[in-house]
Amino acid sequence: MQGFALFRLPYTTDYTLLSGQVQVVPSCAELSGRQGFVIAPFAPSAEHPVLIISPDRVEQGSDDFAPVELPPISGKTGNPRADYHIDFANFHAHLVNGDFSKLVLSRSIFIPADNPISPIELYQKACESYPRMMIILVSTPQSGMWLVATPEILLSGRGELWQTVALAGTMPFSEQVLWSDKNIQEQRYVATYITEQLEQFTSDFKETGPRTVRAGHLAHLRSDFHFQLNEKQTVGELIQSLHPTPAVCGLPKQAALRFILQNEHHDRSYYSGFMGPLFVEGATNLFVTLRCMELFSNGYRLYAGGGILCDSREEQEWQETEIKLDTMRNMIKDV
């Protein structure tokens, strides 16, 4: 089965179109030694497997985009506010009880459209609107079609020089962002976790930050980690170790992952997984699938989430997901 990925790296104008056969990868750890475009879910399963498009062709800077067909599947609107209220109360109770130090609660909304905007037009609009983000339009028979605009690197590098980031905390962007203790603590959880994982693979890494970075109309706290890695043998194991980070899951990791899968009202699917080229023309650029939407023939499913600590307040967290949804909602507001 064939799939394609069209992507543009942050702070660049060149884009890459990659297409080829889609293969199912048993686990993130088994990405070592492979080459292609990776589409990984939040939690790999038979329904949502780790996928890689093995490139038959890779083109850069081409304007010759063929028409793209949307999956015919429909979505349901539901009652997202009521579902979020139930989930927040459940998640928060377990934080107060000390079962977890952090949990990420996400949600999705379906926005119907009689005449959806063409996927290529949406992709081009996202590139224009979000120059600081990784922009991806990807489609496979197994995953469906997704548009992604994300600022968060999971793993990038070439040769022995590699990078990852700890990105957490969210505020509306302004020239003077004042970070709350909650946001600072949330970001520190992620940075500490990444440090602990990197120590298993290398003793030669450097952390810088945190600093305020802009992602569209939002601001986040970001720490950067630069390190050396023997890429071919261990990259899959490192990805398996990092994903999902506390930025999209929680702490302790495995217990939080199980809790989220059992208790969230919606199926995250490929939201809060990761996507990007792996050893394509020598470079790896895997990004966490944050601001994103799934494209259908009759509308769009948008996803967003936020980290919750024991002192979090429901209305504030709800509003954070609302402003995160605006990243993709702004792409379709004329529908």
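## Close-up views of a predicted model

**View A. Helix H6, residues 314–329, in the predicted model.** Buried positions along H6 are Glu314, Glu317, Trp318, Glu320, Thr321, Lys324, Leu325, Thr327 and Met328. Viewed down the helix axis, these buried residues fall within an arc of 155° and therefore line one face of H6.

**View B. The salt bridge between Glu320 and Lys324.** The closest N and O atoms of this pair are 2.8 Å apart. Glu320 and Lys324 are about one helical turn from each other because they lie four residues apart in H6. Both Glu320 and Lys324 are buried. Elsewhere, salt bridges with shared partners connect Lys102, Lys182, Glu186 and Glu317 into one network.

**View C. The salt bridge between Lys182 and Glu186 in helix H3.** An N to O distance of 3.0 Å separates the two side chains. Helix H3 covers residues 181–198, and within H3 the two partners are four residues apart, about one turn of the helix. Lys182 and Glu186 are both buried.

**View D. The salt bridge between Arg222 and Asp224.** The side chains meet at 2.7 Å, N to O. Arg222 has a relative accessibility of 14%, and so counts as buried under the 20% cut-off. Asp224 is also buried, with a relative accessible area of 4%. Across the whole structure, a search finds 14 salt bridges.

View E. Pro210 belongs to strand S10, residues 205–215. Pro244 sits in the loop between helix H4 (231–242) and strand S12 (250–251).

**View F. Positive phi at Ser269 and Ser272.** Ser269 is a residue other than glycine with a positive phi, near 55°. Its place is in the loop between helix H5 (253–263) and strand S13 (274–278). With 8% relative accessibility, Ser269 counts as buried. Ser272, found in the loop between H5 and S13, likewise has a positive phi, near 65°. The relative accessible area of Ser272 is 0%, so this residue is buried.

Terms used: Residues numbered from 1 in each chain as written. Predicted model: local features only at pLDDT ≥ 70, side-chain atom pairs only at ≥ 80, totals over all residues. Heavy atoms only, no water. Helix = DSSP H or I, 4+ residues; strand = E, 2+ residues; numbered from the N terminus. Expected span 1.5 Å × (residues − 1). Buried < 20%, exposed > 50% of the residue type's maximum accessible area, 1.4 Å probe, protein only. Arc of directions from axis to C-beta. Salt bridge = Lys/Arg side-chain N within 4 Å of Asp/Glu carboxyl O.
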